[in-house]
Amino acid sequence: YEEYGAELIRLARDLEVRKILELLAGVKPWSIPVMKRKQKFKHGEITGYELGRDIERVVASNLALPAELFYLRFLEGKLLLYQKVLSQGKGSLYVLLDKSGSMDGLKMTWAKAVALSLYMKAVKEHREFYFRFFDSIPYQLNRVDRRPKASQVLKLLDYIARVKGSGGTDITRAITTACSDIKSGRATGVNDIVLITDGVDRVAEPLIRANLKKSNARLITVMVMGHNKSLQNVSAKYFAVAKLSSRNILRIVEID
């Protein structure tokens, strides 16, 4: 990012940026695991062996068996086969970050560090990254490409650093807006919506469930020093964080 040197120096001098980077010090890019989803596929890569009767995957040594034994094993489903799988690409990652008044201070700084660590995860897994702040209303949607440009990254860093905690909270509206972004095509290929909040709000479970189903997305909630039973009920994964540490950030980044 040499061409953006002056902009990087300006960001590095920002107190909030320094606090975020201190929290991210324990989350090295090379320590973030790259998760791959795989499914069985007869023309995929070989990962091992199994028994069955799929002739297309039969191990060559089986072909040397006497005809009677070969056909007996075939009928019993006991031919030695190659186990083959195909790696599946992951969808985009969408992060919602609560900037309400109750999140101001250390909770907000830690939540920003989580958001940026999830961005690093998206880059490593070649996933598009979408990001929104919200309080009582959702704010602008930010997008970073699978192979991000330096200008996009710096814009995201600057934006995240500048925003302060204030306002009320409407978690239901934030989640339904994210689902609307997915359904309308503003946010494409999203599998996961990650909500980072302290949960100080009442949420409408039926409305959230319906929207998640329509957008074919799962909700992953990161609860910052709080608890919300309704959010726990509608979340595919729910992290209750009591200590705002780098170690807990890494635990969240390892989600699959």
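**Exercises around strand β3**

Strand β3 pairs with strand β4 (residues 129-134) in the parallel sense, over six bridges; strands pair if DSSP finds at least two bridges between them. Helices (H or I, at least four residues) and strands (E, at least two) are DSSP runs, numbered from the N terminus.

This is a predicted model, where local features need pLDDT of at least 70, side-chain atom pairs count only at pLDDT 80 or more, and totals for chains, interfaces and linings use all residues. Residues are numbered from 1 along each chain as its sequence is written, and side-chain values use heavy atoms, with hydrogens and water left out.

**Exercise 1.** Work out whether the faces of β3 are buried or exposed.

*Solution.* First, the rule: side chains in a regular strand alternate between the two faces of the sheet. One side of β3 has S92, Y94, L96 and D98, the other L93, V95 and L97, and all are buried (under 20% relative accessible area; exposed is over 50%, partly exposed in between; 1.4 Å probe, protein chains only). Seven of the seven residues in β3 (residues 92-98) are buried, so the rest of the structure largely encloses the strand.

**Exercise 2.** List the residues that meet between α4 and α5.

*Solution.* From α4, take K112, L116 and Y119; from α5, V153, L156, L157, I160 and A161. Contact means heavy atoms within 4.5 Å.
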